[in-house]
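Hi everyone, thanks for coming. I'd like to walk you through one structure today, so please have a look at it first.

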Amino acid sequence: MDEILWQEIMPWMVEIRRQIHQFPELGLDTPKTASRVEAALDELGIRHQRIIGSGVVGYLGPQNGEAILLRADMDGLPIEEKTGLPYASTIKGRMHACGHDAHTAMLLGAAYYLKRRERDLTHPVTLMFQPGEEGPGGALPMIKAGILDHPRVTRAVMTHVDSELPWGTIGLFSGPAMASPNDFKITIRGKGGHGAHPDKTVDAIIAATAIVQGCQTLVSREYDPTEPFVVTFGTIHGGYRENVIADEVELTGTIRILSPAEIERTLTRFTQFIEQLAAAYRTQATVEITRGYPPLVADAAFTDQVEAVLQQELGSDSVRRLPKPSMGAEDFAYIAEKVPATNLHVGVVGPEFVTGIHSAGFNLDERALITGAKAYAAVALYL
């Protein structure tokens, strides 16, 4: 790769990333970020269009043939930033705590490089700048709008910052690589009364505590111990005061399932288990499950090809196979259901690293931007 050109690209990427970081937008509503992406593509002379409200698609290389898709997401999180950085979020209660600002900058950096090398591209390259990865999910609307069709996409790659890998490294995992997230709300109804007379009540809090503890037996006693599976309770609300027995409790949480074949059985059994356990405590339970993204399954053969290219272009010491999948979720899974695809984990841990992703103190080492951009460019050029 042309290192002199990358030295030119690096400060350009950093500036864009910092601009995006200062003005985080949420969900599918990322108009300012989309406009900044479009301005960068205009600067580079790359044709582009919006195919959903804030979803931007750029095009490089020949117009005909089988395309490879490179995807970056653009949305932030509803978190109050506490990094103290000079380019920290200027919007109260919002932060790029998952590194999507970096993903966008990496893909733009790759676009910069690929535009200079466009005559070397033997196939079309589709640049996907997606809103809403943190929810409600922008990948599926962009698929429905035709992003995989013209030109026809036959392979796809995404990046995600990895706060467990050092900067300068890329991690890969093939097979079921990220989980399906399925959020739930459980409402437990009993009969309230005075705390001094529990015999005259049906205590919803007692039932709720039994459910929180009992659900872990689904993990330890009803699921294959070699299959990753997580049940997490995130909130519990109920009761009025210290001497009143609660008549209603609400629990929320998430079920993370890695195997596509286990989703239906697991969610059905979860609902059945909750209802039966609630009945054992003389309460009634209503279970509402919001189905999430499917598991992200990285195509094994394609991942092998990507790994070989990255080892050649970045060096074998910079590329590693990850020892285990992630129970995080990713709506790139919808693309991976359509075409062979894989996820590049870009290491971002450096001297100033404090906390991992989805935290108020997350701060990545910006040298990781060039690693991710080079990885995007390498797979576009050599696959």
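Let's start with the lining of the largest pocket: its residues divide into 13 nonpolar, 11 polar and 10 charged. In that count, Ala, Val, Leu, Ile, Met, Phe, Trp, Tyr, Cys and Pro are nonpolar, Asp, Glu, Lys and Arg are charged, and the others, Gly among them, are polar.

Before I go on, a word on the source: this is a predicted model, where local features need pLDDT of at least 70 and side-chain atom pairs count only at pLDDT 80 or more, while totals for chains, interfaces and linings use all residues. Residues are numbered from 1 along each chain as its sequence is written, and side-chain values use heavy atoms, with hydrogens and water left out.

Back to the pocket. It holds about 1000 Å³ of space, and of the 34 residues that line it, Met178, Ser326, Met327, Gly328 and Ala329 are the closest to its centre. Which elements give two or more residues to that lining? They are β5 (153–166), β8 (180–189), β12 (248–257) and β16 (341–349), and β5 gives the most, with 6 residues. Strands here are DSSP runs of E, at least two residues, and helices are runs of H or I, at least four, numbered from the N terminus.

How do the two terms differ? On a 1 Å grid over the protein atoms alone, a cavity is a set of points where a 1.4 Å probe fits but cannot get out, whereas a pocket is an open set with protein on both sides within 12 Å along at least five of seven lines; lining residues have an atom within 4 Å of a point. Points are joined across faces, edges and corners, and the volume is the space filled by probe spheres set on them. The cavity is lined by Leu218, Glu222, Tyr223, Phe229, Arg265, Thr266, Arg269 and Phe270. Helix α7 (residues 263–280) supplies the largest share, 4 residues.

Now helix α2, residues 31–44. Its 14 residues reach 20 Å from first C-alpha to last, close to the 20 Å expected at 1.5 Å a residue; that expected span is 1.5 Å times one less than the number of residues. Thr33, Ala34, Val37, Glu38, Ala40, Leu41 and Leu44 are buried, meaning under 20% relative accessible area, with exposed over 50% and partly exposed in between (1.4 Å probe, protein chains only). Seen down the axis, these buried residues fall within an arc of 160 degrees, so they line one face of α2; the arc is that of the directions from the helix axis to the C-beta atoms. On the other side of α2, Lys32, Asp42 and Glu43 are exposed. Just after α2, glycine 45 takes a positive phi of about 75 degrees.

What covers the buried residues of α2? Among the cover are α1, β1, β2, α3 and β4. Threonine 104 sits in α3 and is buried, at 0% relative accessible area. Its contacts (heavy atoms within 4.5 Å) include Val37 and Phe129.

Threonine 159 and threonine 371 are 212 residues apart in sequence and 10 Å apart in space, C-alpha to C-alpha.

Last one: phenylalanine 353, in the loop between β16 and α10. At 24% relative accessibility it counts as partly exposed, and it touches Ser163, Phe362 and Asn363, leaving aside residues up to four places away in sequence.
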